[in-house]
Amino acid sequence: LEVEAAGGEFELRYAHFHQHVGMLGGALINADTGDLLCETHGIYGTGDEPLNERGYVVAIPPCIWEGPEAPKLRLDSNLTSIARYNATMKHLAVMAMWEMRGALLSRSAPGMLI
């Protein structure tokens, strides 16, 4: 595999948090170093029109990196995800996940997206 040929190293280029009702925010931490990689907070709607419904999360801005700011990780890096919820808001269950994109750090295929 190309990823293994690259020594398993890649740059994190994009991280988007997905969370449901009661969202306060999320954090992605490199558990090996303790570095905070990404922190998000939902944007709540303020009106009655579609895509701006009062009381609902209408957007969660992603973390995007380019160049030297991009976190360097390995395929065996340990990551910790933290999801924060408003416990005063009624909800039946909780769910959260990260969607991420990276680019290989390889001489043979630099910047190849993974």
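Which residues are linked with Glu9 in a network of salt bridges?

Analyst: Glu9, Arg74 and Asp76 form that network of salt bridges. The model is a predicted one, in which local features need pLDDT of at least 70 and side-chain atom pairs count only at pLDDT 80 or more, while totals for chains, interfaces and linings use all residues. Residues are numbered from 1 along each chain as its sequence is written, and side-chain values use heavy atoms, with hydrogens and water left out. The predictor's confidence in each residue, pLDDT, runs from 0 to 100; its mean for the chain is 88, and 86% of the residues reach 70 or more.

A salt bridge here is a side-chain nitrogen of Lys or Arg within 4 Å of a carboxyl oxygen of Asp or Glu. For accessibility, buried means under 20% relative accessible area, exposed over 50%, and partly exposed in between, with a 1.4 Å probe and protein chains only. Asp76 therefore counts as exposed at 52%, whereas Arg74, at 39%, is partly exposed.

By the salt-bridge rule the count comes to seven. One of them joins Lys72 to Glu11, with the closest N and O atoms 3.3 Å apart. This pair links distant parts of the chain, since Lys72 lies in strand β7 (residues 72-74) and Glu11 in strand β1, 61 residues apart. Strands (E, at least two residues) and helices (H or I, at least four) are DSSP runs, numbered from the N terminus. Glu11 is buried, with a relative accessible area of 10%, while Lys72 is partly exposed at 45%. A further salt bridge connects Arg54 and Asp48, with the closest N and O atoms 3.1 Å apart; both of these residues are exposed.

Rings of Phe, Tyr and Trp (its six-membered ring) pair if their centres lie within 6.5 Å; planes under 30 degrees apart count as stacked, over 60 as edge-to-face and the rest as tilted. The structure holds one such pair. The ring centres of Phe17 and Trp98 are 4.6 Å apart and the planes stand at 45°, so the pair is tilted. Phe17 belongs to strand β1 and Trp98 to strand β9 (residues 96-104), so the pair ties together parts that are 81 residues apart in sequence. Both Phe17 and Trp98 are buried.
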